[in-house]
Amino acid sequence: MKLSIKDTIGPRCIIKEDGQKTFTEICDPLKQGETVTLDFYGVSQFATPFFNFAIGQLLNYIPETDVRSLLHYENLNETGKSVVERVIENAAKQHADKQYRDIVEEILTKQAKESD
Amino acid sequence: MPQQVIQIPRLNDYPSDFEKLFTIWNQVNDYNLDVRFDFSRCGFLRPNAVAFLGGLARLVESRMGKVVFDWSTLRESWVKTTVRQNGFAAVFGDLAAPRDGNSIPYREDRNLDMNGIMDYLTYNWIGKGWVYVSDRLRDAVAGRMWEIYSNAFEHSDTGIGVYSCGQHFPEQDTLVLSVVDFGQGIPAKIRNFVGNDPRAPGLPADACLRWAFKRGKSTCTEGVARGLGLDLLKEFVQLNGGKLEVYSNEGYVIVDKNGERYENRRISFEGTIVHITLRCDEKLYQFSDEAESSV
């Protein structure tokens, strides 16, 4: 499957709603083991909300190794690539941490460390 | 209805100037209050103050108050020129002061207007010609700045929108952008998020900001990993040698070449200001494959 992001989203991949739209298109094919190519030709602006929803969210359903091997990118510039990589790393970490937290404990522990 | 006269002082962008703004917020933080802003003592007005005062005026209006900016009291020519050029004066009733189109406009966003905000950042702010950047880098910088607006709309629960203003200062060769919301503020948001914990109300603002600025930290509950926006912004500002400052409730953080510092300030307000100062040195605005120096 190949998806032209410019045709489906436009030249700016920055909002979560567009990310969700992309996620909806690609999640099932990836779950079934299909290779998916996202073509970013004509897309010039990127931000994390789009990729959090389009790609980071995939890790809730598909192992990271499969996302990395089945999902391909064409015409994605260096800025976009760096955001995608950061988003996948972050999603993998948060997925592993499994809602990680007692936030209050985390904040107070960090504060205690900083004031040592 | 009572009318409060607020004397606008000289307002730069040092922490003490932000405290003056928060003092003004405290003076008008009420319902059914009419406010008149008097500029007779205002000798300087930075874009952070422009964005803050614009948003504050809309906040007062949203609480059934009336706001008058008394332009007849404005005598300082630099300030007069600035608020006319950025369109602020025209937005608030100075009909004799149309924008001249050659500055970074004052902007009000009631909703998250993706194309409007991105055009502003891309063409009126970073791409206005203050510094030479390739289209690719211009787009990358605008994408980083978008994270500020995205966070403000998504996390602050602002009922009246987001207010911004920028300016290029040729003498310092810096480019500034201030984005203000009058939502609940980051520390308050975190305290509310963990509200069932009895320690939540006592969480210090500086500790809350430190948590929020760590990669991957977010109060979102949609099951989608988040919390990268501030992280990417921090990285960019540090590479640029610039400065990122956030005031939120009584918390303050500054990120610059010396690292990150978190503080609790004396005066608090409900909301968040993100204030970015970038250096315009063209050597700092190149990707690694465009030249030896890189951003």
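This is a predicted model: local features need pLDDT of at least 70, side-chain atom pairs count only at pLDDT 80 or more; totals for chains, interfaces and linings use all residues.
Residues are numbered from 1 along each chain as its sequence is written, and chains are lettered from A and ligands numbered from 1 in the order in which they are written. Helices (H or I, at least four residues) and strands (E, at least two) are DSSP runs, numbered from the N terminus.

**Interface of chains A and B**

- Chain A brings 30 residues into contact with 31 residues of chain B; contact requires C-beta atoms, placed from the backbone, within 7 Å.
- On the side of chain A that touches chain B, at least two residues each come from β4 (45-46), α3 (48-54), α5 (78-97) and α6 (103-115) of chain A.
- The most is given by α5(A), with eight residues.
- By class, this side of chain A has eleven nonpolar, twelve polar and seven charged residues.
- In these classes, Ala, Val, Leu, Ile, Met, Phe, Trp, Tyr, Cys and Pro are nonpolar, Asp, Glu, Lys and Arg are charged, and the others, Gly among them, are polar.

**Sheet in chain A**

- Three strands of chain A form an open sheet in the order β1-β3-β5, with parallel pairing; two strands pair if DSSP finds at least two bridges between them.
- At the edges are β1 (2-4) and β5 (71-74) of chain A, each pairing on one side only.
- Neighbouring strands of this sheet are turned by 20° against each other on average, direction ignored.
- Axes are lines fitted to C-alpha atoms, for helices over the stretch in contact, and angles run from 0 to 180 degrees between N-to-C directions.
- β1(A) and β3 (residues 36-39) of chain A run parallel and are joined by three bridges.
- Ser4(A) has Asp39(A) as its bridge partner in β3(A).
- Packed on the sheet is helix α2 (residues 16-31) of chain A, which touches β1, β3 and β5 of chain A and makes about 155° with the direction of β3(A).

**Sheet in chain B**

- Chain B has an open sheet of three strands in the order β1-β2-β3, with parallel pairing.
- β1 (3-7) and β3 (67-70) of chain B are the edge strands with a single partner strand each, so one side of each has no neighbour in the sheet.
- Five bridges connect β1(B) with β2 (residues 34-38) of chain B, and the two run parallel.
- In β2(B), Gln3(B) has Asp34(B) as its bridge partner.
- Helix α1(B) lies across β1 and β2 of chain B and runs at about 175° to β1(B).

**Domains of chain B**

- Chain B is assigned domain 1 (1-102) and domain 2 (104-295), with bounds from an automatic or database domain assignment.
- The centres of the two domains, taken over C-alpha atoms, are separated by 23 Å.
- In domain 1 of chain B, 22 residues are in contact with 25 residues of domain 2 of chain B.
- α2(B) gives the most to the side of domain 1 that touches domain 2, with ten residues.

**A helix pair in chain B**

- Helices α5 (residues 114-125) and α6 (residues 135-155) of chain B pack at an angle of about 135°, with their axes 9 Å apart.
- The contact includes Ile117(B) and Leu121(B) of α5(B), and Ala142(B) and Trp146(B) of α6(B).
- By class, this contact has seven nonpolar, one polar and two charged residues.

Terms used. Two residues are in contact if their C-beta atoms, placed from the backbone, lie within 7 Å.
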